[in-house]
Amino acid sequence: MMSSFFAKQRSYVVRRGFTQVFSSSSSLLQQQQAAALRSGPSSIRAFSVLTEQVKDTPTLPMFTVGTPNGFLPRQDPLVELPDQFQRLESLLQRMPLQLLDGQPGLLASGQFGEAVRDELPLYDVDQIEDQHLLSALFRDYSFAASAYLLEPCDVLYRQRKEYGLGRKILPMNIAVPLDKVAKKIHSKPFMEYALSYALYNYKRLNPLGDLTYDNLALIRSFAGSESEKGFILNHVTMVSHTPKLVKYAVGALDAAASKDRARFDQQLAGLNETYETINNEMEMMWSRSLPGDYISFRTFIMGTKNQPMFPDGVIYEGVSDQPVVHRGESGANDSIVPLADNLLQIPMPENPLTVVLKDFRSYRPTNHREFLEYVQDRSKKVNLKEFALQDPNSAALYLSNVDQVRAFRHRHWNFTKEYIIKYTDHPVATGGSPIVTWLPNQLGSVLELLDEISGTIDREQLTEGNKIRVDEIGKRAVAQKRFLAREVEKLKERFQNQDKTE
Ligand code: HEM
């Protein structure tokens, strides 16, 4: 285990442009060796964060956490495949239900599967090592795989509002290269939120312009509608603010480690402001992607795990005779909220729904996962929560950050009711989680924590502004907790079997 960890890290971790976020005077590699060799709760693995944009390093994974890029790729995605993959490029351009010129595409008439069988060669990807191209190939083969497997479900859903069954066999001209490319980028061979659908699927209209909504377009799509574009790109614009999240999270850990109260408060204030900006951006979803349209494009982002359309899983022809299952694309694989959960040490109940939350966390770029694990371990080591709660004004800032997580999860639960539950009785979401109990599991825990902590902060020592803030947060949490519990009980009457998580 140790040797594979080093093999993975050695190729890119010690180089210009990285800052190690582990306080010690020894070299980074020595620290990693020491950390891997030590055991027990006091040893944590070192982690390096990119501190400048790195473009000329073809072997460095596209998703490498950094202060220039946050959780976005370190370089904008490759938009078009090179000529050697021209047939795949052509299929994907002709695939969407509605093409750029308004004409119906292959999926509209249910002809994508046939076109894949007739036109797509079994491309050789063995020699490709360039991460920019590998990531684009992963995105494109995973789009082709999901379109192929779910095409019959989409056709049926448009006719009868039922999904029926998906295709059971992924043909080798998709399965083999998808599996190989996935291995090369250390991913599962299925559509994923960061690596394909959302965070590796945008292009800047003006290459020199910012990552603002008006300057962005999609590279690949299933539906080709404005609402699909708005849904995907709203994730991108939110994640475009994550460079600051990374900076403040690392800053808060360092300040807690050195017990520097003033610096710690500054970092928590910066973190809070950034989460607020992200939440404001999230609010734009309502106008960029209309609630009534979501069901029309989400069929293609469903997974094969815990989904009635794939009762026996899927066989990847030419890869293995054994069927496999994967969770579908989901914002649950985004790193904004898990970062807060881990940094602020937000407790989750021990139950099967929390097991699903942890499973979701394995569906993400390796470097994101390692960063989140690092934050979790280091936060525990420096007792970040305890340090925050030792001082009433730091505690108020801590509480404000947890309240931003509440705002996110509360709005998000509203999205789920307005975009999904209003329109369908399908019992599970795209990622395979139970539709009416899973999100409230996490939202409920956050409300519980707010209620608990707001009650323990000594009001006498708070600044006037913090006093108002703490009171407001505490009262709102109590009211929302009561309302949520009633709401979920009612919804469970309509959605049976919500306790089934696998
Ligand atoms: C119309 C908009 C949205 C809808 C209908 C929606 C729906 C859902 C659903 C149903 C889940 C449950 C997991 C599953 O897929 O099985 C989920 C999870 C999640 N989504 Fe979204 N989502 C939306 C937008 C977003 C956005 C913009 C983000 C931002 C990055 C996001 C981040 C998340 C996160 C972090 C989770 C895990 C929740 C948690 O940890 O409590 N979602 N989403």
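I began with Ser289, and, leaving aside neighbours within four places in sequence, I found Ser289 in contact with Ser227, Gly230, Phe231, Asn234 and Tyr294, where contact requires the C-beta atoms of two residues, placed from the backbone, to lie within 7 Å. This is a predicted model, in which local features need pLDDT of at least 70 and side-chain atom pairs count only at pLDDT 80 or more, while totals for chains, interfaces and linings use all residues. Residues are numbered from 1 along each chain as its sequence is written.

I then placed Ser289 in the loop between helix H11 (285-288) and helix H12 (294-298); helices (H or I, at least four residues) and strands (E, at least two) are DSSP runs numbered from the N terminus. Is Ser289 buried or exposed? Ser289 counts as buried because it has 22 C-beta neighbours inside 10 Å; the cut-offs are 20 or more other C-beta atoms within 10 Å for buried, 12 or fewer for exposed, and in between for partly exposed, with C-beta atoms placed from the backbone. I also looked up the separation of Ser289 and Lys305, which are 16 residues apart in sequence and 26 Å apart in space, C-alpha to C-alpha.

Next I turned to the ligand. Of the 29 residues around the ligand, I noted that Ser330, Gly331, Ala429, Gly431 and Gln442 come nearest, a residue being near a molecule or strand if its C-beta atom, placed from the backbone, lies within 6 Å of it. The elements that give two or more residues to this shell are helix H8 (226-239), helix H13 (336-343), H17 and helix H18 (438-456). Which element gives the most to the shell? I found that H17 does, with six residues. By class, the shell has 15 nonpolar, twelve polar and two charged residues, where Ala, Val, Leu, Ile, Met, Phe, Trp, Tyr, Cys and Pro count as nonpolar, Asp, Glu, Lys and Arg as charged, and the others, Gly among them, as polar.

Staying with H17, which covers residues 392-421, I found His412 in this helix. The UniProt annotation "binding site", from an unreviewed entry, covers His412; such positions are given in the numbering used here, feature names are shortened, and annotations may be inferred rather than shown by experiment. His412 counts as partly exposed, since it has 17 C-beta neighbours inside 10 Å.

I went on to the largest nonpolar core, which has 124 residues, and in which Ala144, Ala145, Ala147, Ala249 and Ala252 have the most contacts. Such a core is a set of buried Ala, Val, Leu, Ile, Met, Phe, Trp, Tyr and Cys residues joined through C-beta atoms within 7 Å. Helix H5 (residues 131-160) gives the most to this core, with 13 residues.

Back in H5, I looked up Ser146, which is buried, with 26 other C-beta atoms within 10 Å. Ser146 and Gly303 are 157 residues apart in sequence but 8.3 Å apart in space, C-alpha to C-alpha. Beyond four places in sequence, Ser146 is in contact with Met191, Phe300 and Ile301.

My last entry concerns backbone angles. Most residues other than glycine have a negative phi. Lys259, however, has a positive phi, near 55 degrees, and lies in the loop between helix H9 (242-257) and helix H10 (261-283). Lys259 is exposed, with 11 other C-beta atoms within 10 Å. Gln345 has a positive phi of about 55 degrees although it is not a glycine, and I found Gln345 in the loop between H13 and helix H14 (352-360). Gln345 counts as partly exposed, with 18 C-beta neighbours inside 10 Å.
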